[in-house]
Amino acid sequence: MGHPLLKGLAHSWDSRWYLHIAQHGYGTQTHVLASTGAVQRDWAFFPLYPALTRAVYTVLPITPGAAAILIAWSAAVVAAYGIYTIGHHLYGRAVATALVGVWAALPHSVVLDIAYTEPLLTALAAWSLYAVLRRRWLWAGALAALAGLSRPTGFAVAAAVGAVAIQEIVRRRGRVPAGLWVGTAIAPLGWVGFVLWVGAQTGDLFGGYFTVQRAWDSRFDFGVGSLHFLKSLLEHGGRAVYPLALVIVVAAVLLFCLLCLDGAPLALIVYAGVLLLITVGGSGPYASKPRFLLPAFPLLIPLARGLARSWRLRPKQAVLVGASLAAASVAYGTYLLTAGHTPL
């Protein structure tokens, strides 16, 4: 990857870990934090993205970095089509188009351009959720299992599949097709399998993975970390990245409330709710939390429906709002990549 821009997109922050895993496998890279002495291991990163990267650069005459970017960009396209398909299935073409547009114009949508796993998770989640909506249980379960291999938050897809399956079992008094049982059973296998594999590598089958994650300051602390961040922000302030991250998280909570009041399908509510719960209740760098919410596209449905109504009544104003969102997204994404100096 001779072009400096493409090289930067393929080697941004966590991308370097994924590329190292793709080339050298697990258990080959560690990093010791000077401040705490915590040993950060590559076992914290889920395997699907580096496995796909390795497969692509093995088959095609391209570098690992180029393969990683190709997968991320392809996944972003598949994700956008999946989001559109769900929006069209539930609300029609106008809302579907607005939903994809708003998702692509999110402040942290620049992540869709770099070698990160959010596009892959979003693609798998969107099509799994669509399969749930169409009651195609085997597809839903298989895609949920793959989602669980893509990111730590991938189990949110399995949770959505399981919730709708339980709803169906209760509603139909157990008279459900065999595919529902099979699809629901395989949905969590990707996430559970990797967690247990990491545990086996560490010698602690059920707790080893979570020990690895704690070294990265990644754990569910019921919002204690978020409260500490808020206190520090109010007392000492911070760069624009931090207050904007707080605004995005608060907006996500409000949008989730609107999604529930809007009567959205259970699969979308559970999926978005689990992602939001992990984001709000988890520790780790607060500046990264908007990125964690990027796959939670159902949260944008109330906004998309509002924009679709505005388009019918005031098309010029709707175009202005859309163009402004897109311009702000490009400007902020450029800032994050070039001058933000905060972990994405």
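Start at Leu 124. Neighbours within four places in sequence aside, Leu 124 is in contact with Leu 48, Leu 143, Leu 146, Ala 147 and Ser 150. Contact means heavy atoms within 4.5 Å. The model is predicted, so local features need pLDDT of at least 70 and side-chain atom pairs pLDDT 80 or more, while totals for chains, interfaces and linings use all residues. Residues are numbered from 1 along each chain as its sequence is written, and side-chain values use heavy atoms, without hydrogens or water.

Leu 124 sits in helix H6, residues 118-133. Helices are DSSP runs (H or I, at least four residues), numbered from the N terminus. One of the contacts of Leu 124 is Ser 150. These two residues are 26 places apart in sequence. In space, their C-alpha atoms are 8.9 Å apart. Is Leu 124 buried or exposed? Its relative accessible area is 11%, so Leu 124 counts as buried. The cut-offs are under 20% for buried, over 50% for exposed, and partly exposed in between (1.4 Å probe, protein chains only).

Now move to helix H3, residues 48-59. Thr 53 lies in this helix. Thr 53 is buried, at a relative accessible area of 2%. Which residues does Thr 53 contact, leaving aside neighbours within four places in sequence? They are Leu 19, Ala 22, Pro 64, Ala 67, Ala 68 and Ile 71. With a relative accessible area of 31%, Ile 62 is partly exposed.

Charged pairs come next. Side chains of opposite charge can pair when their charged atoms come close. A salt bridge here is a side-chain nitrogen of Lys or Arg within 4 Å of a carboxyl oxygen of Asp or Glu. The count by this rule is eight.

One of them joins Arg 291 to Glu 118, at 2.7 Å from N to O. This pair links distant parts of the chain. Arg 291 is in helix H15, Glu 118 is in helix H6, and 173 residues separate them. Both partners are buried.

Arg 219 and Asp 217 form another salt bridge, with their closest N and O atoms 2.7 Å apart. Arg 219 is partly exposed, at 41% relative accessible area. Asp 217 is also partly exposed, at 36%.

Arg 305 pairs with Asp 262, again with closest N and O atoms 2.7 Å apart. Arg 305 belongs to helix H16 (residues 301-313), and Asp 262 to the loop between helix H13 (241-261) and H14. They are 43 residues apart. Arg 305 is partly exposed at 25%, and Asp 262 is partly exposed at 32%. Shared partners also join salt bridges into one network of Asp 14, Glu 118, Arg 151 and Arg 291.

Helices H2 (15-24), H11 (208-215), H14 (266-281) and H15 (289-292) each give two or more residues to the lining. Which helix gives the most? H11 does, with five residues.
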